[in-house]
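Trainee: Could you go through this model with me? I would like to begin with the charges and then move on to the fold and the domains.

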Amino acid sequence: MPTFYLDDSEIPFTDGETILEAAMSAGRYIPHLCWRPELEPHSSCRLCTVTINGRPFSSCTQPALKGQKVECDTPALLAMRRAVIQMLFVEGNHHCPCCEKSGACKLQATAYLLGMQDSHFHHRFPVRMRDLSHEGVSLDRDRCIRCEICVRASRALDGKNVFAIHGRGIESNLAVNSPSGLLKGSAISPDDAAVRLCPTGALIAKGRGFESPIGLRAYDREPLSSIELREYQARRAVHD
Amino acid sequence: MIQLAGTALVGILEEALDRHGKSPQAALQVLMSVQRALHHVPDEAVEYLSSRLSLPPVRLRGLVSFYSFLSRTPQGEYVVHLSDNITDQMRGSRKLGDALCERLGVRLGETRSDLRTSVHRTSCIGMADQGPAALVNYRPVTRLDDQRVGLIADLINARVRLEEWPPEFFRVESNIRRSDVIFRKPIEPGAALRASLDRGGKNLEAWEEDLAPTDARRHQLERGGAETLKEIYRAELRGRGGAGFHAGIKWQSVREAARDDRYVLCNADEGEPGAFKDRVLLTDFADMVFEGMTVCGHVVGARKGIVYVRQEYAYLHDHLQGVLERRRARGLLGTNILGSPLDFDIELHFGAGAYICGMETAMIKSIEGRRGIPRRRWPLPVHQGYLKAPTVVNNVETFACAAAISARGGAWFAGIGTPQSTGTRLFCLSGDCERPGTYEYPMGVTIREILRDCGALDAQGIQVGGPSGALINRGDFDRAVCFEDLPGVGAMMVFGPKRDLFDAITNFALFFQHESCGLCTPCRVGTTLLANYVKKFERGVGSPVDIAEVKHISSLMKNMAHCGLGQSASNHLMDSLQKFPHIWESRMKTQEFVPAFDLDWALEEARSLTGRTDPAAHLPARP
Ligand SMILES: Cc1cc2nc3c(=O)[nH]c(=O)nc-3n(C[C@H](O)[C@H](O)[C@H](O)COP(=O)(O)O)c2cc1C
Ligand code: SF4
Ligand code: SF4
Ligand code: FES
């Protein structure tokens, strides 16, 4: 099997695998938010950025190459990843203590993982439309990081096409495919992968509040990285 | 289904569909036609078109919300887009805009209650050498001054049709001030193609006798393409659109691709503020551009070419169609070009207002009728481009050079310029210079020489290559413009000795904030944070802490942004900190950090909503 170097460790890979996939298979976690193993990569959050010969690449899209030396956990890259997470926090409104997703939120867990202590940048305090119209699913756009996991999952996994991104730049926003633009009247259902895979509290299945108490939720019990590595390796075992 | 204007609306929509077709790729073209006809894209239109184009309404609304020239709410029957580049501002565009709004009785960005008119600001419209400029119903009006603005207001108020406006309002000059070996004497239409075809051997007899004549002719065609590719390599032609990638390598990859459907795309988005050379090429040298594309089609084995023209240049539509028609009539386009088995034709495709659509994968998406969001880096367009087919994307000037190379040989081209930057290059001079316009020089020309020729030797600084390029000062004037030294597209905005360069960087920071596509975190959020820091200094309350923060965000964007826009969106800030530190320092009141938040500024929105300007609407100034 060909290998490449991720910092100091030698990582085996199969042809066509990305750096991120190979690293995950080998038990090395590279932080990521917009990547999901079951979906096409998107390279939008940029958290997974690594450098090769000093040049940055998103590891979720960059194919692994034999003998390549990839730097991943350098102090500079760790600091930049932390700053990217801080940007996501100030862009939206993330009031973790009163968010139902707290403890099971990938954004929050990644912030902990990267040692984020404060939000550093100026808060934007956006006011974006919240959508509580649907009986089973709620959408809080102020928590949305525009990773488009729901957009991709709705198409590829749910066989629907419930979400899209509208607007441009800082004004871009999650849009719902329904005559009124509201979740009510769309094809969404609380069991959709689109809802389940949303990494933040933007999309939440209603009526399940506090099923487990704060402090005992997924990432409270086990770090995000070890959960995801385990899941990824189990998934690979099935697919190989 | 349609209640409002009923059959009239359906008529307009059907006409747009007839003109552009009903494929998904037509979506953006159709919406732009609707916008022009109805001055917005009403929800009823989206619904109707959605079923006719077989695309969900959410997809069409996504387009309307992404492109600057599309709007969901009604704009005026006379819609004015004021070019808001720094070069326009330097010639008083902001004041002229205010005067126009006042005479029209309308607020910027809003539509007059009788729906007659609306006035908006837009990014540079490619007329920096003859600004201040504006688009009126998407037609450029140049050289605005008080008198012209007054007349425009009168004409709009009197509802005079654009066809009856004084024609000199719409005059666009090419302003070619200096030409060199490529554009002084453009090649004759057909010369480059004939040379390319002839490289395969002039007559059939030379071919092996056991080949049927059609096969022999195919082989000839094939060999001609291979030989022309060698000329492109020999010329060492590098892209003129920004990155300077070798055209030969790109063409060869597409030529060798395993699929039969291949495309040649010409990038005429020219969104870089201060650039206008592609406009000049499309105006005066369209034959050469189309011929370069056709030669490329010959080399790579493509049958179709598309020119992606920014909406700001849509006024060239009839002219360009006319040139294409003439070429078809002369056997230079279509089937059996010049009697050979070569088939190739060219279509025009128009943008709808988005700088990012100049970035090649965003442009491909836009041509496919989607939002112009850059794709992930792999696979490259040469492997999977337009409609997933192997695709060449080159700049307008690159194709014009390719035509010259095919006609006159690669060695000739390689003999011009410097070793790593062959040929000549078009420069767009604007700002504080005596003779703004287009200048052709061999690559490697120094800044000083250009400044001497255009009459700007007293300049304090120049933005080379547009806002994403480099801001240089007098210490750089002996540097050469070429890929080895100062690269970037040929836009040069000159700032005279009396200018406050902070105005320029403010303009650029807002430009990038407005044009970021929003896909990736560092650019989407970073451009906004940077714009806010610049505004903070504009208010005179910056501090060294804020400068450190600007540098921090800039380095983050350079390293982490997905595409060239975000990676270069802070160049002007970094350059100005290094080369013109005083413009920042003079805006620092203190060495201590001052919060950006200020109670009085926070009331600004309330004041503007209530129209209050009186002292009682302000809080006492901070001690
Ligand atoms: C934000 C951005 C805007 C761009 N705008 C243009 C443009 O307006 N015209 C252009 O030819 N290339 C533009 N480019 C470069 C294109 O991506 C691409 O490299 C170029 O069209 C290739 O043609 P060339 O090799 O002939 O230069 C832009 C790139 C970026 C990142
Ligand atoms: S709603 Fe969730 S999954 Fe969808 S884009 Fe926003 S954060 Fe991502
Ligand atoms: S760098 Fe900016 S323009 Fe480019 S993909 Fe990211 S958000 Fe879009
Ligand atoms: S995980 Fe790679 S960019 Fe988001």
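**Charges, fold and domains**

Mentor: In this predicted model, chain A carries 29 positive and 28 negative side chains, and the centres of these two sets lie 4 Å apart.

Trainee: What does the surface of chain A look like, and how much of it do carbon and sulfur atoms supply?

Mentor: Chain A exposes about 10,500 Å², and 53% of that area is supplied by carbon and sulfur atoms.

Trainee: And what share of the residues in chain A is buried?

Mentor: Of the 240 residues in chain A, 57% are buried, where buried stands for under 20% relative accessible area.

Trainee: How many helices and strands are there in chain A?

Mentor: Chain A has 7 helices and 10 strands. Its radius of gyration is 18 Å, close to the 18 Å that the globule rule gives for 240 residues, so chain A is as compact as a globular protein of that length. Along the principal axes, the C-alpha atoms of chain A fill a box of roughly 55 × 40 × 40 Å.

Trainee: Switching to chain B, which domains is it divided into?

Mentor: Chain B is divided into domain 1 (6-66), domain 2 (78-172), domain 3 (188-414), domain 4 (424-498) and domain 5 (502-598).

Trainee: How many residues are in contact between domain 3 and domain 4 of chain B?

Mentor: In chain B, 16 residues of domain 3 are in contact with 17 residues of domain 4, while the C-alpha centres of these two domains lie 29 Å apart.

Notes: Residues numbered from 1 in each chain as written. Chains lettered and ligands numbered in written order. Predicted model: local features only at pLDDT ≥ 70, side-chain atom pairs only at ≥ 80, totals over all residues. Heavy atoms only, no water. Helix = DSSP H or I, 4+ residues; strand = E, 2+ residues; numbered from the N terminus. Rg over C-alpha atoms; globule rule 2.2 N^0.38 Å. Buried < 20%, exposed > 50% of the residue type's maximum accessible area, 1.4 Å probe, protein only. Areas by Shrake-Rupley, 256 points an atom, 1.4 Å probe, with all protein chains shown as cover. Lys, Arg positive; Asp, Glu negative; His and termini not counted. Charge placed at Lys NZ, Arg CZ, Asp CG, Glu CD. Domains from an automatic or database assignment. Contact = heavy atoms within 4.5 Å.
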